[in-house]
Amino acid sequence: MTDTPSDSGFTPDARLYFRAREGWRWAEALPWIVAIAAFFVFPDYMALGTQILIAIIFALSLDLILGYAGIVTLGHAAYFGAGAYATGMLSAHLGWGEPISAMLFGGLVGAALGFLSGWVLLRYHGLTLLMLTLATAILLMEGANAAEYWTGGFDGLVGISIWPLFNHFEYDLWGHTYYWYALAVLFCCFLVARRIVHSSFGRSLVGIKGNVNRMHAIGTPVHGKLVKIYTISAGMAGIAGGLFAESNAYVTLDVMSFARSGTVLIMLVLGGTGRLYGAFLGTVVYLVLEDELAKLSPEFWEFGIGLLLVVVVLFMRGGMLGALDDLVAWARGKGKP
Amino acid sequence: MEQFAKAAISILFDGVAYAMLLFIISVGLSITMGLMGFANLAHGAFAMLGGYVMVSLMLKAGVPFLLALVLAAIIVALISVPFERYLYRRLYKAGELDQVLLSIGLVFMATATITFFFGPSTVSISVPEFLKGQVNLGFGIFPAYRTFTIAVGLVMIVALWYGFERTITGAKIRAAVDNRRMAQSIGIDVDRLFVITFAFGSGLAALGGGLAIEILGMSPTFALTYLVFFLIVVAVGGLGSIRGAFVAALVLGIIDTAGKYLWPDGGAFFIYAVTIGILLIKPEGLFGKA
């Protein structure tokens, strides 16, 4: 999508405008500094930390389709689960446990599944799309349940054995190795996602989200673009799933459950959609709160997250980051006379 | 051969009873979704609430079964009114995402609240004597409670059909489902219709929830466990279509029951495959309006 010069508020030179948008800001270093600092401050919590990083990758993949392309799905766990099973089965049945290639294989399977299902499903919208994504994910889960010989069915897939990273760094009980590994993967995924959303392709997705009829009218191949981003997103979810399988050495049916699809959606919305870093903040807040509150009282946690959702939907449409933006804008407005 | 026929009839009977429950609970969702375009994932929570209101009435206040069933429906219908007024109404024009999130949030809160007061395990009630044991229907002997459930379902269908096709309010609702702006412009108070339909749908769900205690079991996870089934009935049947909800519930109920008997591991697989197939061919559902 090209911005017309008549739109007010833009620098006349489009190049400068986009460079200013895309340029790295200092604040963007913050999450990474926090992630690295967390390793030294909470070395005992790195198993949780690894799961948080994996969940961030998953939420980031959802942000690409939900926050940018406006595809509302209740079945994104299908691709996470497909990746987890692919990576797990590669090790359990074929004996291949090299972590990076096994994880990429998970991503590949996720992407392939995303391409196939996206090609069919993305012709629908609204409630029908919601139901189709939901049913597809559950169908896949039931399929995994029935294919007991391959997936272990209800009992879960066991016998996953992952080789040391780079043939050197062993898996350790505290999850230190996997924390760095997951952080590196997250950084790579983030770079890809950031590049995509700032590209002309990414801008056209925002256009589709904003007004699909107009995008059709100006000749955008809407379906093709949606399938493309859906495939990328599913691949990223598959990578997250692969990492999940490797770090737990165990895969159960709940990797594809409706609960997981719902949870990732909630995490992303809490943080804020369509802004990449929302996936970071929402996931951390959700999982840390869950870890702390669920220990006290599971009902309290469940009620709290429900209330939080209602509040976010009614009063904080941009999630926590959106609220932060509003706060900053308000403070700046106050500061200047 | 006779053995086989007996088993088939028994499965069919259980399936139909299950289908009636699905229909009673889902039809309200179908109408509200058709009318207001609201993806209400919390509909099952009203059914669950109905079940628990009924349990409380029977165990704490000693209200008899049939009266408790009716009271539960009325109480939940009243409880649902402020939800429509103050929460749902704000999001009628919002996208599906906001609606889904709001209603999921409500489901979580309902589940937590009910777990807090009633505990996480399944609750049960004692049904009156005449609903226990078997009943001879002339063409076979069937469990009395399921026979009762089917009877209630059939009565509801006739009542709903009459209400929608033969009363002024029904005509107004049909008009508003078909074309809301036009209905508004000829002077139909659509806002009032929204409240009435929402309360009525929630009340029906509560009735279904009360009936379901004995057949499906009632626990705080009820709303989430059966959510997908209610949504499938609505989506496959077509939004706002009573006939569609009935046919979809029947198909789903019978297939699911038969699947559980005949192919316990993969029975559910079949349902989702059928659902996806129907939606791919008819995105608006079997009896929905394109």
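Predicted model: local features only at pLDDT ≥ 70, side-chain atom pairs only at ≥ 80, totals over all residues.
Local features are reported only at pLDDT of at least 70 and side-chain atom pairs at pLDDT 80 or more, whereas totals for chains, interfaces and linings use all residues. Residues are numbered from 1 along each chain as its sequence is written, chains are lettered from A, and side-chain values use heavy atoms, without hydrogens or water. Helices are DSSP runs (H or I, at least four residues) numbered from the N terminus.

Two packed helices are described by the angle between their axes and the distance between the axes. Axes are lines fitted to C-alpha atoms, for helices over the stretch in contact, and angles run from 0 to 180 degrees between N-to-C directions. In chain A, helix 4 (residues 77-94) packs against helix 11 (residues 222-248) at an angle of about 50°, and their axes are 6 Å apart. Helix 4 of chain A is therefore oblique to helix 11 of chain A (angles under 35 degrees count as roughly parallel, over 145 as roughly antiparallel, 65 to 115 as roughly perpendicular and the rest as oblique). Contact (heavy atoms within 4.5 Å) involves, among others, A:Tyr79, A:Phe80 and A:Gly83 of helix 4 of chain A and A:Tyr230, A:Ala234 and A:Phe244 of helix 11 of chain A. The residues of this contact comprise nine nonpolar, six polar and one charged. Here Ala, Val, Leu, Ile, Met, Phe, Trp, Tyr, Cys and Pro count as nonpolar, Asp, Glu, Lys and Arg as charged, and the others, Gly among them, as polar.

For helix 3 (residues 46-68) and helix 13 (residues 277-296) of chain A, the axes come within 9 Å and cross at roughly 140°. This pair is therefore also oblique. The contact includes A:Leu48, A:Gln51 and A:Ile52 of helix 3 of chain A and A:Phe280, A:Thr283 and A:Asp291 of helix 13 of chain A. Its residues divide into 11 nonpolar, two polar and one charged.

In chain B, helix 4 (residues 96-118) has 23 residues and reaches 32 Å from its first C-alpha to its last, close to the expected 33 Å (1.5 Å times one less than the number of residues). Of the 23 residues, 18 are buried, so helix 4 of chain B is largely enclosed by the rest of the structure. Buried means under 20% relative accessible area, exposed over 50% and partly exposed in between (1.4 Å probe, protein chains only). B:Gly119, which follows helix 4 of chain B, has a positive phi near 85°.

Buried residues of helix 3 of chain B include B:Phe65, B:Leu69 and B:Glu84. Helix 2 (43-60), helix 5 (144-166) and helix 8 (190-215) of chain B are among the elements covering the buried residues of helix 3 of chain B.

Definitions and conventions: Helix = DSSP H or I, 4+ residues; strand = E, 2+ residues; numbered from the N terminus.
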